[in-house]
Amino acid sequence: NKIYGGYVNYEGIHGFEMGWLTGISDEFSISMYMSMLPKTDKWESKLGANRGYDLGAQFNIHGAYLLKLPSWIDIYAGPKVSFTSAGLGAGLRINFSEEWGIYGYALKNLVPLFDNKNDGELSPYYKKFGFAIGITYTFL
């Protein structure tokens, strides 16, 4: 199990994210995350809700095992689904110790979902390319 957090950017819109990841096997994992971009009037709905939040999950396929990379390197890719959109992502994790590491990933939101049905232009995540960098902590 890992927790992670760091900086996130969606085409120039800066924010942060945090999440939890658990391994299903050496080749597969699932993560759940929350990201937050700064609230601005541009993304407020008519009801005043903040469109800068996103909650989602990502299913990852890990390539380090197949590519026979050292155990401290992890590359992964997979689909993600959230309240605002569905898309694809890929990333890299480097572990410096049994507990601590860093990560970086990129993703593209491809399909609008629940939050974008009627007013997709209001969501800062809508059809955006994003990237993130941060730290990870592994625990039992």
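I started at T22, whose side chain makes a polar contact with the side chain of N1 at 2.7 Å. For a polar contact I took a pair of N or O atoms within 3.5 Å; within protein, one must be able to donate a hydrogen and the other to accept it, and residues adjacent in sequence count only if both atoms are side-chain atoms. The model is predicted, so local features need pLDDT of at least 70 and side-chain atom pairs count only at pLDDT 80 or more, while totals for chains, interfaces and linings use all residues. Residues are numbered from 1 along each chain as its sequence is written, and side-chain values use heavy atoms, with hydrogens and water left out.

T22 is found in strand β2. Helices (H or I, at least four residues) and strands (E, at least two) are DSSP runs, numbered from the N terminus. T22 counts as buried because its relative accessibility is 19%; buried means under 20% relative accessible area, exposed over 50%, and partly exposed in between, with a 1.4 Å probe and protein chains only. Not counting residues up to four places away in sequence, T22 touches N1, S29 and I30, where contact means heavy atoms within 4.5 Å.

Next I looked up the overall layout. The chain has one helix and eight strands, in the order β-β-β-β-α-β-β-β-β along the sequence. Of its 140 residues, 42% count as buried. Among contacts with a separation of 6 or more, 53% are between residues 24 or more positions apart.

Then the charged pairs. How many salt bridges does the structure hold? It holds two, a salt bridge being a side-chain nitrogen of Lys or Arg within 4 Å of a carboxyl oxygen of Asp or Glu. D54 forms one with K80, the closest N and O atoms being 3.9 Å apart. This pair joins distant parts of the chain, with D54 in strand β4 (residues 53-62) and K80 in strand β5, 26 residues apart. D54 is buried at 1% relative accessibility, and K80 is buried at 1%.

D74 and R93 meet in a salt bridge at 2.9 Å, N to O. Here D74 lies in strand β5 and R93 in strand β6, 19 residues apart. D74 counts as buried at 15% relative accessibility, and R93 does at 5%.

I went back to D54 for its polar partner. The side chain of T84 makes a polar contact with that of D54 at 3.0 Å. T84 lies in the loop between β5 (73-82) and β6 (85-95). Is T84 buried or exposed? T84 counts as buried because its relative accessibility is 0%.

Leaving aside neighbours within four places in sequence, V8 is in contact with residues including L37, F131 and A132.

Last, I checked F28, which is found in strand β3. F28 is partly exposed, with a relative accessible area of 34%.
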